[in-house]
Amino acid sequence: MTSYNLLLLPGDGIGPEVMGGVRKVIGWINARGPDTFEVEEDLVGGAAYDDHGASISDATMDKATAADAVIFGAVGGPKWDAVPYDVRPEAGLLRLRKDLELFANLRPAIVYPALADASSLKKELVEGLDILILRELTGGVYFGEPKEITDIGNGQKRAVDTQVYDTYEIERIARAAFELARTRQGRVCSMEKRNVMKSGVLWNEVVTATHADGYEDVELTHMLADAGGMQLVRAPKQFDVILTDNLFGDMLSDVAAMLTGSLGMLPSASLGAPDAVTGKRKALYEPVHGSAPDIAGRDIANPIAMIASFAMALRYSFAMTDLADRVEAAIAAVLAAGKRTADIAAAGDEAIGTEAMGDAIVAALEEAS
Ligand code: IPM
Ligand code: MG
């Protein structure tokens, strides 16, 4: 009987509403035992800025560092459009990723059988889809310096972002990709833009060399990221694991999300390296979707990506494989029973709200046990 410590950071917009679904699932787990979760909550993003003028406080960072896992909702919204760049809501999330060294971002895109019709692509293209986008999360253009806008005279300004990758950063994410592929269909497709970017040349080289260093059992292919985006909407089932950098991963995972029917369906896990002594990884779990301020506070957001992110926490942070499988099965069962939030409901179908979807998933969990 173990008690684990979770830090919940609901954030802004629909974040607090979809986090409600996670609270329900945690409540169900805690009532059953034997292992339980102790939950702490704190502010992040615009909510933190409104409270104390920073998008995440040092005290919250300390809690995140100490927690067994961080469960994150969403940040941002038009309310904070004018706040200084360094304290904008997104900066809180980026600091968590960077300071906790969460370099490996797993974004699985799975099409639930009941939802094949909800995709923007033809049913036969997405039916049975099960791909994993592995996005590098602590490097590249998100964090490269210089990152600035300078005045260069004559009424002109110059904006610079820096795309930068060191060998070790590419190597560790490549290893993670090959190891994940071994637990799946054994195929990795690496995507970069080596035809125009030096960082793409090095990315390609290091991924190839890492593959040759003990991962020959995994099939490795390379694609230019633009062609990869095209293939993702042309024939997505050709992929198993897509390995890519921070920026391309951001874009390609939004595309992958829509293949599954809705942005509201895609979970993610952001993992650090295993600790040399304890073997434990720092980890943060968040839905791929954003704060969706336009639908916030109306009980219509889809909590499935958030709840599925928590299932990933059960799997990757707590080795509770059976429980993770059960949460995912409960989501599938609820969808199979025809329950839909507005984003995945077919035209004319009745939709249920955020709360009701969370309750339905917990009821399905209960029913299956
Ligand atoms: C994501 C989001 C974030 C990103 C934003 C909110 C900073 O789009 O997790 O995909 O760009 O990484
Ligand atoms: Mg994104």
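Which residue in β3 does leucine 7 stand opposite? Select leucine 7: valine 70 stands opposite in β3.

This is a predicted model, in which local features need pLDDT of at least 70, side-chain atom pairs count only at pLDDT 80 or more, and totals for chains, interfaces and linings use all residues. Residues are numbered from 1 along each chain as its sequence is written, chains are lettered from A and ligands numbered from 1 in the order written, and side-chain values use heavy atoms, without hydrogens and water.

**Stop one: the sheet.** Show the strands (DSSP runs of E, at least two residues; helices are H or I, at least four; both numbered from the N terminus). Ten of them form an open sheet with mixed pairing, in the order β2-β1-β3-β12-β11-β4-β5-β10-β8-β9. Pairing takes at least two DSSP bridges between two strands. The edge strands are β2 (36–41) and β9 (219–224), each pairing on one side only.

**Stop two: β1.** Select residues 3–11. Seven of the nine residues of β1 are buried, so the rest of the structure largely encloses this strand. Buried means under 20% relative accessible area, exposed over 50%, partly exposed in between (1.4 Å probe, protein chains only). β1 runs parallel to β2, joined by six bridges. Tyrosine 4 has phenylalanine 37 as its bridge partner in β2. With β3, β1 pairs in the parallel sense over five bridges.

**Stop three: α1.** Select residues 15–32: helix α1 lies across β1, β2 and β3 (69–74).

Pick glutamate 192: its bridge partner in β9 is leucine 224.

Terms used
Contact = heavy atoms within 4.5 Å. Axes fitted to C-alpha atoms, helices over the stretch in contact; angles between N-to-C directions.
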